[in-house]
Amino acid sequence: MIEPDKLLDFIKQRRSIRAFEKSEITEDDIEMILEAGRWAPSASNRQPWEFIVIKDKEILKEIASSAMYGNFVKRAPLAIAIVGKKSISPNWYIIDTSLVSMNMMLIAWALGIGTCWIGSMDRKKAKDILKLNEDDYLLTILPFGYIKGSIPKPSLRKSMAEIKKEI
Ligand SMILES: Cc1cc2nc3c(=O)[nH]c(=O)nc-3n(C[C@H](O)[C@H](O)[C@H](O)COP(=O)(O)O)c2cc1C
C-alpha cells in the first residue's frame with residue numbers, strides 16, 4: 001500500500017502537459033500505461049474498452065488537425081486513443097473509459113511522462129482517421145511524451161468551502 005499523504009501529494013502534483021520531448025517512449029513505459037488502464041474499475045467488470053496505440057507521425061498530425069485545442073498532439077511521440085464499446089456496456093462505457101484515462105494519466109506522471117486530456121475534437125473525423133466502427137465511442141486521445149521544459153504551475157482549484165456540503 002502507498003502512504004495516503006504521498007498519494008495525495010502525487011495526485012496534486014499532476015499537471016496537464018502540452019510540450020513533449022521528441023524522444024520515443026520506451027516499450028516498457030507504454031506497457032505500464034496500458035496496464036494501468038487495463039486495471040481500471042468498470043461497471044459489472046465489463047471492461048467496455050479498447051486502446052489504440054498511435055505511433056505513426058502522419059496519423060498523429062491528422063489527429064491534431066481534428067482537435068480544436070489539441071494541436072500539440074502532433075508533437076507527441078505517441079498517443080493512445082481510448083475507445084468505449086457501447087455494445088459491451090451501454091449505460092457505463094463513458095464512465096468506465098473515463099476511469100481508464102485517469103489511471104493512464106497518473107501512471108504516466110509517475111513515469112515522468114506528460115499527457116493531457118483531449119476533449120475538444122471533431123470526433124467523427126478522428127473516428128474516421130482511426131477507422132473505428134460507427135458504434136464505438138471515442139472518449140479521448142491522450143498524447144504522451146517525456147515532459148519538455150518546466151512543469152506548468154498548478155491551475156487553481158475551487159476551495160473546499162465552495163464544494164463541500166455536509167448533511
Ligand atoms: C474532459 C476534459 C477535456 C479536456 N479537453 C482539453 C482539450 O481539448 N485541450 C486541452 O489542452 N486540455 C484539455 N483538458 C485539460 C484541462 O484543461 C485541464 O485538466 C485543467 O485545466 C486542469 O489542469 P491540470 O490538468 O493541469 O490540473 C481537458 C480535461 C478534461 C478533464
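Guide: One term first. Buried means under 20% relative accessible area, exposed means over 50%, and partly exposed is in between, with a 1.4 Å probe and protein chains only. By that scale Y137, at 22% relative accessibility, counts as partly exposed.

Visitor: Before we go on, where does the model come from?

Guide: This is a predicted model, where local features need pLDDT of at least 70, side-chain atom pairs count only at pLDDT 80 or more, and totals for chains, interfaces and linings use all residues. Residues are numbered from 1 along each chain as its sequence is written, and side-chain values use heavy atoms, with hydrogens and water left out.

Visitor: OK. How many helices and strands are in the protein chain?

Guide: The protein chain has 6 helices and 4 strands. These are DSSP runs numbered from the N terminus: helices are H or I with at least four residues, strands are E with at least two. Starting at the N terminus, the order is α-α-β-α-β-α-β-α-β-α.

Visitor: And what is the radius of gyration of the chain?

Guide: It is 16 Å for the protein chain, close to the 15 Å that the globule rule gives for 167 residues, so the chain is as compact as a globular protein of that length. The radius is taken over C-alpha atoms, and the rule is 2.2 Å times the number of residues to the power 0.38. The C-alpha trace spans about 45 × 40 × 30 Å along its principal axes.

Visitor: What share of the residues is buried?

Guide: Of the 167 residues, 41% count as buried.

Visitor: Back to Y137. Which ring does it pair with?

Guide: Y137 pairs with Y93. Their ring centres are 5.6 Å apart and the planes are at 70°, so the pair is edge-to-face. Rings of Phe, Tyr and Trp (its six-membered ring) pair if their centres lie within 6.5 Å; planes under 30 degrees apart are stacked, over 60 edge-to-face, the rest tilted. This pair links distant parts of the chain: Y93 is in helix α4 (residues 93-110) and Y137 in strand β4 (residues 136-146), 44 residues apart. Y93 is buried, at 12% relative accessible area.

Visitor: How many aromatic pairs does the structure hold?

Guide: It holds 2 aromatic pairs. In one of them, the rings of W49 and F51 have centres 6.3 Å apart and planes at 20°, so they are stacked. W49 is buried, at 10% relative accessibility.

Visitor: New topic. Which residues come nearest the ligand?

Guide: S16, R18, Y69, W117 and R157 do, out of 13 residues around the ligand. Near means that a heavy atom of the residue lies within 4 Å. By class, the shell has 5 nonpolar, 4 polar and 4 charged residues. Ala, Val, Leu, Ile, Met, Phe, Trp, Tyr, Cys and Pro count as nonpolar, Asp, Glu, Lys and Arg as charged, and the others, Gly among them, as polar.

Visitor: What does the side chain of S16 do there?

Guide: One of its N or O atoms is 2.6 Å from an oxygen atom of the ligand. For R18, a polar side-chain atom lies 2.8 Å from a ligand oxygen.

Visitor: Last one. Where is N45?

Guide: N45 lies in the loop between α2 (27-38) and β1 (49-54). N45 is not a glycine, yet its phi is positive, about 55°. N45 is exposed, with a relative accessible area of 51%.

Note on methods
Polar contact = N/O pair within 3.5 Å; in protein donor to acceptor, adjacent residues only side chain to side chain.
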